[in-house]
Each structure stands twice: as structure tokens, then as C-alpha cells.
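Good morning, and thank you for coming. I would like to take you through one structure and its side-chain contacts.

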Amino acid sequence: MEIVQQLSQVQVLNQLWLLLFFIVPMVIISRMVVAGSRFSPILIIVIFGLLLGFLMVEVNIATPGLSEFPLVDFMARTTIIALIVSFFVGGQELRKILGNKEMEVTDIVVPMNEEVVLGTGRTHFIFILRSFFLLIGIEGFIRMFLQPGSLDSVAGYYPLIAFIGLIASVLLVDNKAKIDNKQTYIRKGLLETGLIIIVLFLSFAIASAVQPIIALPQIFFAMMISAAIGAIFYKWTFGPTVRALLFAGIPVVLAANFMVGGSRIGDAFAIDGMNAVLTYGFFGQLFWMFGGIALVMFIAKTAHARNLAPGMAGSLSHSGLTGACTAGDFGKVAAQRAPIMINIPFFGHIFVFSVLAISAEQGSLWFIPTAVIVTVGVVLTALALKNLRHANGEDRKEVKALMQFSFGWQICAVFGGLALLSMSSMSFEYGAMAQTSAISHFGLFAAIQGEMFGTEASLLIPFIFSMPFLVHPVVFYMFGKAMEKNGEMPKVPVYVMAIIGLLGISFAIFAL
């Protein structure tokens, strides 16, 4: 018995190193492939992750869902941790914008840009490693207290996973980066890690307390708390934890999710009704993304990536564009604006999640509030486009107009999409998954992962969410072309893809 236990412990450690060699090279290679171009590495992570998950099942290394590699799913469920950092930064930026606080902040770190691997500098390489260990360490620590009796095959090893992850993350600081005060920098990292853990505990406690009244997901309260902390500490200069998770947190989480999603490609198509869900998700990516861009181009008369990239990342809570923007793939201005746009629509999520929670309980969309919310969304979107048209390139005016657009178009996309899907033969749970994938909506994704719509939806969502990412080569290609043309997006292809998307979702709703 003792030998079996020892082998089991070794197996868990092997799983940890396997996960490291699955995820980190995927992120590094994705950066290598796009090195020297304007394209985002998220594009390669999509293809690489889906293909790896699919091949693991096809060659009988694993079964759908990768149950033989439990730490892959473990990593895939750390979405909320990566988002907390984005919400914190968004809260800071909102305070500065709304409070008219112009600040020139002297950065305490100058990264070492010597390339360790083609396309990735030394400091950024360490950020990727630190993000990996932070995510598993924080998730292991949280589960150790909140899910001690879990049936998860690695549940007994949560303390070990937490210890390895947190200790390794503390050690991973680039000693060759130019740091003004090393001790302060390290302490900032420890404090940031501790605050993320506190936010996770608080948000879980509040979500559990209000669940008998309304089943709002943990992600909503995590957003509110972290954004509030960011607004209070708006002068905070980032330590290594926030820097690492901003740069690589979302790509690492997505890499794990795409592996899980890819593993389900083979058997998911056999599920009744799945063709309609996937078709809507696929063409919905074209319609909601390029339809929104087309509106901004046609009415607001701006086609620059500094507006389009953060505007669409925020208005769709779009995971791919969010990761690309915060990593700086679309320029410094887009990177600064993205956290603001990501946060703005989440303040409206009290309506989104409350209506969805009630709808989930009754098994159908709560129609009258949905109609009211969609109307508000249309009005806000129209106002935003008008203000953006008259911004004349002024930073503050553009940001405020994009904030309105992020809120308005998000409401139109989420509730307008769900209202359209209610006309189809899909169940409400399948409709929610279809709309989540159609806009790559990180908040809804995290809520479904948290079983807001039941266990079946929770198990299927990595696959449903992953498949429309096959459209993302088109999305990132278009933004890449824009960056090659000094940020100006080509107009005619955008209009064509918006029309194709409209035809596709119509077919999914009424013909399948």
C-alpha cells in the first residue's frame, strides 16, 4: 500500500511537469511563429491547443476531456484568476479617466529584452513561467480550503500543488531586468498574490451567501471587488505578479482550455443539437465581431486599431482580443485602453447575470427584461457611435465614447443574441453556450465553467468555446493587416464578413 501511495505521489509530480511542458512551449512557440509580424500569438495558441488535444485522443493517449491529465483541466479552470488582474488594472484606469487624474508614473522596472527564444525576451519568458506557477499555485491554495473533500483525482495533492506553484512563482523574478528597488518589487509581488487570493475567497463567500436569493456567479463579485481595489489604489505601480498575469495569464489559461476543447472534437459532433450550437458560434464570431467593427467604421468614421481593438475586446468581453491587447500586440494605446473597456461592460453584468440566473432557473429566457435591456443597448450604442464620430482623435473623448460602446454593444450582443436563439429549437442551456462561443465572452465562459447552467454545460463549454476560435485566424489576420497599415483596418473585407456572419447565424437559428 505504501508503494502504491509513493507511485501516486510521483505520478502527480509527473503530471505537473507534463502540464508545464504542454503549456509553456505552446505559448513560446506561438510567439516565435508571429515574431517580426503584427499578428497575435493567440492565433497560434488556438490552432496548436486544439490540434494537440485532438491528437492526444486520436492516438489513444487520452480520452475526451483529458481525464488522464487532470491538471490540464485544473489549469483550464483558472480563468477567474487571470481576469481578476485585468479587472484591477481596469479599475485603476477608470479612476484616472473619470477622475481626470493625469499621472506620469515612473516605472520601477526596465525589462531585459535579450531574446531567450526567438520572439520572447528574457523578462517576458520569466513572466510566462511565473504566470504558469501563479495560476496553479493560487488555484491549488483556493481548492485546498474550498474543496477539501473533492472527488478530483488530485484533490489530496492540493497543498503540494499550491506549495510548488506559489514558491516557484516567488523565485521567478528576472535578475537581469533593471529594477530600482528589488526588495520593494518582490514585496509588491507577494502582496499582489495575497490580494488575488483574498478576492477569490471574498467573491466565493458572497456568491455562496446570495445564492439562495439569486445565483450570481463568483466571477461577477470578483470583478466588482478587484475593480474597486484598483480604483482605490490607482497609483499602484505593478509588481511581478500583476505584470506576469497581464502579459501571459490569459494565453496560458486559453492554451489549457483549447487542449481540453480539442480533445472533445471527435465525440461532441455526435451530440444531438450540437451542429446548430457550433454553426451559430462559428458564424456568430463573424457577425458580432465584424458587425460591430462595421458599425464603428460606417457610422463613427474611424477604422483605427486603437479604437477597434479595445472597443471590440470590451464590448464582447472577447478573450482572444483581450489577451492580444493586454500583451501589447495592437500597440501601446490599445494596451492602455483595453483594461478600461473590459471593465466597463462588467458593471452591467449585474443585469446580465441576474437575468441569466433567473432564466436558468426557469429554463427559458426571461423575455420582458431582455427586451428592455436590448433597447437600452441600442440607444447606448447609437450614442457611443455619435460621440466617437465627433471625438476628432482626442484621447479622452475617444475613451469615453468607447466606454459607452463597450457597454451598449455588449448588451446588444449578449441579450440580442439570446433573444434570437430563443426563436430556435435549442434548449436555453445550449443557447447560452452558443452565445458565449459566438462572442468569445470570458465572463459567461467563467460562469458556465462554474456550473451556472449545470454540469453538462460545464463539461462541454471548453469545446464549444474553442471551436469558433477557428474563425480567429480571420480576426487576427484582419487586425494584423491593420497594424501593417499604421493601424487602419481594411473596410470592404469587414463589411463582407459581417454579411457572411449574418447569413450564417440566420441559417443556424432557422434552418438547423
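I shall speak about aromatic rings, then charges over rings, then a surface patch, and finally salt bridges.

A word on the source: this is a predicted model, in which local features need pLDDT of at least 70 and side-chain atom pairs count only at pLDDT 80 or more, while totals for chains, interfaces and linings use all residues. Residues are numbered from 1 along each chain as its sequence is written, and side-chain values use heavy atoms, with hydrogens and water left out.

Let me begin with the rings. A pair of aromatic rings is described by the distance of the centres and the angle of the planes. Here, rings of Phe, Tyr and Trp (its six-membered ring) pair if their centres lie within 6.5 Å; planes under 30 degrees apart count as stacked, over 60 as edge-to-face, and the rest as tilted. How many aromatic pairs does a search of the whole structure find? The search gives 11. One of them joins phenylalanine 127 and phenylalanine 247 in a tilted arrangement, with 6.3 Å from centre to centre and 55° between the planes. This pair links distant parts of the chain, 120 residues apart: phenylalanine 127 belongs to helix α5 (residues 122–146) and phenylalanine 247 to helix α9 (residues 240–263). Helices are DSSP runs (H or I, at least four residues), numbered from the N terminus. Phenylalanine 127 and phenylalanine 247 are both buried; buried means under 20% relative accessible area, exposed over 50%, and partly exposed in between, with a 1.4 Å probe and protein chains only.

Helix α5 takes part in another such link, between phenylalanine 145 in α5 and phenylalanine 201 in helix α7 (residues 182–210), 56 residues apart. The ring centres of phenylalanine 145 and phenylalanine 201 are 6.0 Å apart and the planes stand at 70°, so this pair is edge-to-face. Phenylalanine 145 is partly exposed at 49% relative accessibility, and phenylalanine 201 is partly exposed at 26%. Elsewhere, Phe287, Trp288, Phe405 and Trp409 form one aromatic cluster.

Next, charges over rings. A charge sits over a ring if NZ of Lys or CZ of Arg is within 6 Å of the ring centre and within 35 degrees of the ring normal. Lysine 188 places its charged end over the ring of tryptophan 236, 3.6 Å from the centre. Lysine 301 lies over the face of phenylalanine 298, at 5.3 Å from the ring centre.

I turn now to salt bridges. Side chains of opposite charge can pair when their charged atoms come close. A salt bridge is a side-chain nitrogen of Lys or Arg within 4 Å of a carboxyl oxygen of Asp or Glu, and the whole structure holds four. Among them is the bridge between arginine 143 and glutamate 139, at 2.8 Å from N to O. Arginine 143 and glutamate 139 are separated by about one helical turn, because they are four residues apart in helix α5. Are these two partners buried or exposed? Arginine 143 is buried at 7% relative accessible area, and glutamate 139 is buried at 10%.

Arginine 77 and aspartate 73 also meet in a salt bridge, at 3.0 Å from N to O.

Terms used:
Helix = DSSP H or I, 4+ residues; strand = E, 2+ residues; numbered from the N terminus.
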